[in-house]
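Visitor: Hello! I am new to this structure and would like to learn how to read it. Could you walk me through it?

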Amino acid sequence: MRYESVFEDAVAKVRREGRYRVFADLERQAGRFPWARNHSEEGPPEVVVWCSNDYLGMGQNAVTREAACDAVERLGTGAGGTRNISGTTHLHVVLERELADLHGKEAALVFTSGYVSNDATISTVAQLLPDCVILSDEMNHASMIAGIRGGRCPKLIFRHNDLDHLEELLKGLPYERAKLIAFESVYSMDGDFGEIEAICDLADKYNAMTYLDEVHAVGMYGPRGGGVAEARGLMDRVTIIQGTLAKAYGCMGGYIAASAAVVDAVRSIAPGFIFTTSLAPAVVGAATASVRHLKASNVERTRHQERAATVKRRLREVGLPVMNSPSHIVPVLVGDPVRCKQVTDRLFEKHGIYIQPINYPTVPRGTERLRITPTPLHDDHVVDRLVDALVDVWHEMGLDVDRPQLETALAAAS
Ligand SMILES: *Cc1c(COP(=O)(O)O)cnc(C)c1O
């Protein structure tokens, strides 16, 4: 056995498919978002970031920065332990109260990431429920899929947002059997919304629990940033709401909000919660400040929606293949992994625009795309530059502005 060659071959395969991942070596500059310093050989010394999940720029907001610095000064750098063994600072307790209040639930529980919160919670809930079946939207995030696998129970996958299919699957299960329906409120690659109300209706009718990933919505939707379920007045109908502190809140960490019984069980049993050092005080302090700020302020949310709508409109006006997305995410179809990478390389090197190519397995093959995320801090000047640069690259590479064959590929893949 030549061990090394196994790994080299695996990477060679990824390269042949044109989806070898190259990380941009950038340095965010606090207070200058979306501009970042470029440390790679290629491209200009400063670039504009158009693919960040720091959706509202809270990662560089004075409110979060000051809270982080304050927490370091008062408590130091590390939490010093797991939550159970000396790693619960008062800041953690306060953050969990803020999050429970945000979602109108009895309790909340913070994890080291959104990924861990999905993995740990779903697997624990599924293991606790006797003879449980998980019903999972086919577009669910990898972290939910990891949790479902970890639950070691039967799973049924329903076609994306297809309520008839979900109902058909539910009908096939005994009323008394434990069921968990797992889905998202904003699907981050296509930018479409989950059918929260209709899924909760089905859950009531067929006696199921619901698990909603609001990662791409918390902070951004609802009058207090409680997500799409808050915006639609549905928070009390969802059993477990999951979110992240790493995207619109601009920090790090994940959480669930649910009944006291569910949260206490996950807290007491989930290995992904128990056996890891708790989040650092700076992160927890900053996240609390961010959640509080966005409960009270709508300025960022309003401007965010306006910017996303403006970018979509401007790109459509010049005939670029903007995919239909009702949310803040602006996907632009390329439909081929090699070309997708070429497009983003040219945008970066020639125009100083950073957009990471999105390839398989993040999206289905044939639907490779640019995923553009406008924020309140992308002003008209950088929007103009983005539109001009995309038009230039599209023409230079001979990509047509109206691409029926790719639309077909997309329809077939979805
Ligand atoms: C990013 C993401 C997560 C994971 O959240 P992190 O805090 O980044 O670990 C979970 N679910 C979805 C849908 C995501 O896009």
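Guide: Gladly. Let us begin with a term: a polar contact is a pair of N or O atoms within 3.5 Å; within protein, one must be able to donate a hydrogen and the other to accept it, and residues adjacent in sequence count only if both atoms are side-chain atoms. This is a predicted model, where local features need pLDDT of at least 70, side-chain atom pairs count only at pLDDT 80 or more, and totals for chains, interfaces and linings use all residues. Residues are numbered from 1 along each chain as its sequence is written, and side-chain values use heavy atoms, with hydrogens and water left out.

Visitor: Which side chain has an N or O atom 2.9 Å from an oxygen atom of the ligand?

Guide: That is the side chain of Lys-247. Backbone atoms take part as well: a backbone N or O atom of Gly-114 lies 2.8 Å from a ligand oxygen, and a polar backbone atom of Tyr-115 is 2.8 Å from an oxygen atom of the ligand.

Visitor: How much of the ligand does the protein bury?

Guide: Accessible areas come from the Shrake-Rupley method with a 1.4 Å probe; for residues, only the protein chains shown count as cover. Taken alone the ligand exposes 380 Å², and the protein buries 84% of that.

Visitor: How many residues surround the ligand?

Guide: A residue is near a molecule if one of its heavy atoms lies within 4 Å of it. Here 13 residues surround the ligand, and the closest are Gly-114, Asp-213, His-216, Thr-244 and Lys-247. Helices (H or I, at least four residues) and strands (E, at least two) are DSSP runs, numbered from the N terminus. Helix H4 (residues 114–128) gives the largest share of the shell, 3 residues.

Visitor: Which way do the residues of strand E8 point?

Guide: In a regular strand the side chains alternate between the two faces of the sheet. In E8, Met-209, Tyr-211 and Asp-213 point one way, while Thr-210 and Leu-212 point the other way. Buried means under 20% relative accessible area, exposed over 50%, and partly exposed in between (1.4 Å probe, protein chains only). By that rule, 5 of the 5 residues of E8 (residues 209–213) are buried.

Visitor: In what sense do E7 and E8 pair?

Guide: Two strands pair if DSSP finds at least two bridges between them. E7 and E8 pair in the parallel sense over 5 bridges, and the bridge partner of Glu-184 in E8 is Asp-213. The chain crosses from E7 through H7 to E8 in a right-handed β-α-β crossover; right-handed means that, with the strands pointing away from the viewer, the path from the first strand over the helix to the second runs clockwise. E8 also pairs in the parallel sense with strand E9 (residues 240–244), over 3 bridges, and there Tyr-211 has Ile-240 as its bridge partner.

Visitor: Which residues of helix H6 are buried?

Guide: In H6 (residues 163–171) they are His-165, Leu-166, Glu-167, Leu-169 and Leu-170. At the start of H6, a side-chain oxygen of Asp-162 reaches to within 3.2 Å of the backbone nitrogen of Asp-164.

Visitor: Where is Asn-161, and is this residue buried or exposed?

Guide: Asn-161 sits in the loop between E6 and H6. Its phi is near 60°, a positive value in a residue other than glycine, and at 18% relative accessibility Asn-161 counts as buried. Asp-131 also has a positive phi, of about 55°, without being a glycine, but Asp-131 is exposed, with a relative accessible area of 54%.
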